Amino acid sequence: MRSKVIGALSLAVAAVGLFAATAPALAQGKTITVWWGKGFYKSEDDALLETIKKFEAKTGIKVELSQYAIQDMIPKTVAALDSGTVPDVAYSDTYDVQAQGKWAFEGKLEDLSDIMLPMKDAFAPNTLEAALLYNDVTKKKSYYGFPLKQQSMHVQIWGDMLEKAGFKAADIPTKWEDYWTFWCDKVQPAIRKATGQRTYGVGQPMGVESTDSFQSFYTFMDAYHVKLVDDDGKLLVDDAKVRDGLIHALKDYTDTYIKGCTPPSSTTWKDPDNNVAFHNKTIVMTHNFTISIAAKWFEDSTNPALTDAQRAAGKQAYEQDIITASFPKAPDGSTIKYRSDVKTGLIFANAKNKAEGKQFIAFLMQEDNVRPYVEGALGRWFPVTKASQASPFWQADRHRKAVWNQFTGGTAPFDFTKNWKFTILNNENVWAKAMNRVVSEKVPVDKAVDELIARIKQVAG
């Protein structure tokens with residue numbers, strides 16, 4: 001296995017070197033504009049800045065970097081497309097989920113096959129495929145992006161709160177129904193009795209403005225083997241089994257709220273809010289699409305700006321108190337296959353310096369550069385290259401090892417990689433709207449599912 005990884009990596013590096021060697025001499029002295037989503041951690045941004053510094057020294061190309069908050073990236077990019085003044089390279093954590101498939105379909109993206117194909121063997125399964133998008137102008141698929149990192153679903157649990165409630169990790173059931181009953185009917189009343197605090201057993205994201213809510217709901221759908229599209233992106237929602245699975249998934253998801261086992265504010269949560277609730281210990285567990293919750297405490301443990309007591313608290317939480325776990329078995333007893341969301345960057349078709357932009361991407365994707373960038377996120381992101389996945393970083397502690405185990409066990413892509421119109425459905429967050437129809441407007445689950453199916457057909461059919 002090691003020889004295969006090294007061989008694939010050697011091919012990738014050779015391809016990068018060949019591309020750099022054949023780049024126009026005119027690149028010397030040029031400036032490229034790069035727009036990049038701001039990292040979650042300082043170490044992430046520092047690794048990017050270090051790569052830029054090395055790239056500039058090696059090529060003579062100056063990089064004008066602008067970093068923006070994630071929520072600002074798509075509005076700024078859309079404005080740039082409208083004005084015709086796009087950056088030469090752009091990356092955002094939200095592009096793939098909300099826009100990239102649409103831009104590829106409309107012919108607005110540059111084909112990156114000339115740099116992706118030579119390094120194809122360096123990528124892990126189900127990663128490069130996320131950049132293979134359909135262009136309705138050329139009437140074919142091609143690589144309209146570059147995969148950089150990926151994320152998946154994890155469960156975060158306060159082990160010390162579980163113990164305070166009178167339970168231990170070994171008591172957590174592995175059967176689907178027993179699992180949710182455990183947190184709601186056993187842990188919640190026990191922790192409230194032990195602390196006198198109005199603590200909730202579960203943090204169930206349900207906000208329309210939260211990507212956590214639809215990513216979590218996909219896991220519930222996967223528990224019932226719901227398949228909304230086939231491999232060609234054709235809708236399967238007219239199948240009675242799909243409707244039945246959706247009903248079961250939505251009922252299970254909303255029952256937690258109806259039974260009072262997640263904070264009432266869950267219906268309006270945005271992406272950081274379940275993290276905040278967990279950090280404040282107002283919930284015992286939550287599901288989150290990365291281990292950013294645990295990683296926050298690791299960062300605290302090493303942050304020189306904090307006090308000794310705060311660093312010690314971070315170390316205690318990360319190394320002792322927080323548990324990173326997977327979902328229980330599916331209702332039929334099978335193991336859930338988790339969705340992986342592969343984050344991709346791009347070059348626009350009307351960018352001014354496409355050749356130099358491709359040079360930058362090829363340089364960034366070299367193992368010596370991409371690995372520090374991904375690992376700088378402290379486990380929040382998982383690598384897309386085989387060599388980076390084999391890094392000792394992922395065996396360094398139980399949280400990262402849990403991530404490694406989940407990804408290497410096999411993952412599946414989201415539907416928007418097969419049918420780009422699901423990016424519209426994700427933007428609308430039809431999944432969270434269906435939840436809120438049930439819990440806030442008291443609409444029967446089957447009716448909410450029928451409305452959901454109707455909207456899916458209207459948008460993505």
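At what angle do the axes of helix H9 (residues 211–223) and helix H10 (residues 240–258) cross, and within what distance do they come? In this predicted model, the two axes cross at roughly 125 degrees and come within 9 Å. An angle over 145 degrees would be needed for a roughly antiparallel pair, and 65 to 115 degrees for a roughly perpendicular one; H9 and H10 are therefore oblique to each other. The crossing of H9 with H10 is right-handed. On the H9 side the contact is formed by Ser213, Ser216, Phe217, Phe220 and Met221, which meet Leu246, Ala249, Leu250, Asp252 and Tyr253 of H10. When the residues of this contact are sorted by class, 7 are nonpolar, 2 are polar and 1 is charged.

A further helix pair is formed by H19 (residues 430–439) and H20 (residues 445–460), whose axes come within 9 Å and cross at roughly 155 degrees. Because angles over 145 degrees count as roughly antiparallel, H19 is assigned a roughly antiparallel orientation relative to H20. The crossing of H19 and H20 is right-handed. H19 contributes Val430, Trp431, Ala434, Arg437 and Val438 to the contact, while H20 contributes Val445, Lys447, Ala448, Glu451, Leu452, Arg455 and Ile456. The contact of H19 with H20 comprises 8 nonpolar and 4 charged residues, with no polar residue.

The largest nonpolar core has 75 residues, of which Trp183, Phe217, Leu228, Leu246, Phe422 and Trp431 touch the most other members. Phe217 and Leu246 also take part in the contact of H9 with H10, and Trp431 in that of H19 with H20. With residues up to four places away in sequence left out, Leu228 touches Tyr218, Met221, Lys234, Leu235, Leu236, Val237, Val242, Leu246, Asp415, Phe422 and Trp431. A second, separate core of 56 residues includes Leu109, Leu346, Leu378 and Trp381. In soluble globular proteins, nonpolar side chains tend to be buried together.

Most residues other than glycine have a negative phi. Leu378, a member of the second core, has a positive phi, near 60 degrees, and is placed in the loop between helix H15 (367–375) and helix H16 (386–389). With a relative accessibility of 11%, below the 20% cut-off, Leu378 counts as buried. Thr290 likewise has a positive phi, in this case near 155 degrees, and lies in the loop between strand E9 (283–288) and helix H12 (292–302). Thr290 is buried, its relative accessible area being 3%.

Lys42 belongs to helix H2 (residues 42–59) and, at 59% relative accessibility, is classed as exposed, for which the cut-off is over 50%. Although Lys42 and Gly376 are separated by 334 residues in sequence, their C-alpha atoms are 7.9 Å apart in space.

Conventions
Residues numbered from 1 in each chain as written. Predicted model: local features only at pLDDT ≥ 70, side-chain atom pairs only at ≥ 80, totals over all residues. Heavy atoms only, no water. Axes fitted to C-alpha atoms, helices over the stretch in contact; angles between N-to-C directions. Helix = DSSP H or I, 4+ residues; strand = E, 2+ residues; numbered from the N terminus. Parallel < 35°, antiparallel > 145°, perpendicular 65-115°, else oblique. Left-handed = near helix turned anticlockwise from the far one by under 90°. Contact = heavy atoms within 4.5 Å. Nonpolar A, V, L, I, M, F, W, Y, C, P; charged D, E, K, R; others polar. Buried < 20%, exposed > 50% of the residue type's maximum accessible area, 1.4 Å probe, protein only. Core = buried A, V, L, I, M, F, W, Y, C linked by side-chain atoms within 4.5 Å.
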